[in-house]
Amino acid sequence: MSNKSTSFELFRYQLLPIDRYLQGNLLTGVGSVDELVSRKNEFFSEAIGDTKSFSDRRHDTITKKLYQEDDFFLFRIAHNRSIHRETKDFRDEVIDNWPSILVALWNLPDKQYIAVQRRSTAFSSCDVVVKMILSALSAQLIQHHLRAIHEPLFEKKYFWSLLHEYEGKVKSVEFEIITPNMANISGSLSDDLKDFAKATNSTRNKLKIESDPEAPLHLEESNRTLQGLVDYSSEGGGNISLKIDGVKKTYHTSKTVKEIQLGDMEIQGNAEEVAAVIKDLLK
């Protein structure tokens, strides 16, 4: 019996008003930005239901909705990756090829997950798939004055391990965070930072700390502000980049995407069973 497993990379999307200070009635009859925020998942679900294809200029795809129950969707997306080969009679032949992946999307206000099966023969990366999906939904979301912004989830222990490994050598750390719009993951951020991001009408915010060229940063895991930024970022709220003295490359937490694993037998089950397994792993 095969014990192979399939990896799904995890991403979180946040739905933000394009302009928090828009005056008057919004495009779809929503009377205020607060009401818009409270109904954002409803509008996102409508956009998913109305979108028949996630293709764009670079990706010719076929999408099949395998399962939907309230706020949870399971899709199979096939990508046109036709194969060119030379035959024994010296001809060039094109073989139709549509490798496919599974994509699960959980649209609960306190979830907002996208889980993408990693399969390089279908797509170059899982991030490409998320960008393609959200781009396909963009036009309808804009009609509701909403924008979907995504980031991968990552293991926060990766960030702390880098700090310990390069203790005394970290020259700069930059946090790029999405303006908080999910209370269940933003509680670790300071109220001042959250209020400032919303008051300034920002969607992405960059905070960079950098030491003097002759000294390293002093970064302690016990620092509550640092803890909060790392916790929020690791839950799909942003990306952290570190620059180490003497190391040319910049380390990015977005390169260490959190994953879930499904066994071959689980993948081969019916759509309802596969959806149930993924939901259980995401809880």
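1. Phenylalanine 90 counts as exposed because its relative accessibility is 79% (buried means under 20% relative accessible area, exposed over 50% and partly exposed in between, with a 1.4 Å probe and protein chains only). Phenylalanine 90 is not a glycine, yet has a positive phi of about 65 degrees. It sits in the loop between strand S4 (83-86) and strand S5 (92-95) (helices, H or I of at least four residues, and strands, E of at least two, are DSSP runs numbered from the N terminus).

2. This is a predicted model, in which local features need pLDDT of at least 70 and side-chain atom pairs count only at pLDDT 80 or more, while totals for chains, interfaces and linings use all residues. Residues are numbered from 1 along each chain as its sequence is written, and side-chain values use heavy atoms, with hydrogens and water left out.

3. Asparagine 201 also has a positive phi, near 65 degrees. Its loop runs between helix H6 (191-199) and strand S10 (204-210). At 27% relative accessibility, asparagine 201 is partly exposed.

4. The largest nonpolar core has 31 residues, and Phe44, Ile77, Ile114, Val116 and Leu137 have the most contacts inside it (a nonpolar core is a set of buried Ala, Val, Leu, Ile, Met, Phe, Trp, Tyr and Cys residues joined through side-chain atoms within 4.5 Å). H3 gives the most to this core, with nine residues. A second, separate core of 25 residues includes Leu16, Leu163, Val173 and Leu226.

5. Valine 116 touches residues including Phe8, Phe11, Ile101, Val103 and Val130, with residues up to four places away in sequence not counted (contact means heavy atoms within 4.5 Å).

6. The largest pocket has a volume of about 250 Å³ (on a 1 Å grid over the protein atoms alone, a pocket is an open set of points where a 1.4 Å probe fits, with protein on both sides within 12 Å along at least five of seven lines; lining residues have an atom within 4 Å of a point). Strand S1 (5-17), helix H3 (126-143) and strand S8 (146-152) each give two or more residues to its lining, and S8 gives the most, with three. The lining divides into three nonpolar, three polar and six charged residues.

7. The second largest pocket has a volume of about 190 Å³. Of its 13 lining residues, Leu163, Glu167, Gly168, Leu219 and Glu220 lie nearest its centre. Helix H4 (residues 156-165) gives the most to this lining, with three residues.

Technical notes. Grid points are joined across faces, edges and corners, and a volume is the space filled by probe spheres set on the points. Ala, Val, Leu, Ile, Met, Phe, Trp, Tyr, Cys and Pro count as nonpolar, Asp, Glu, Lys and Arg as charged, and the others, Gly among them, as polar.
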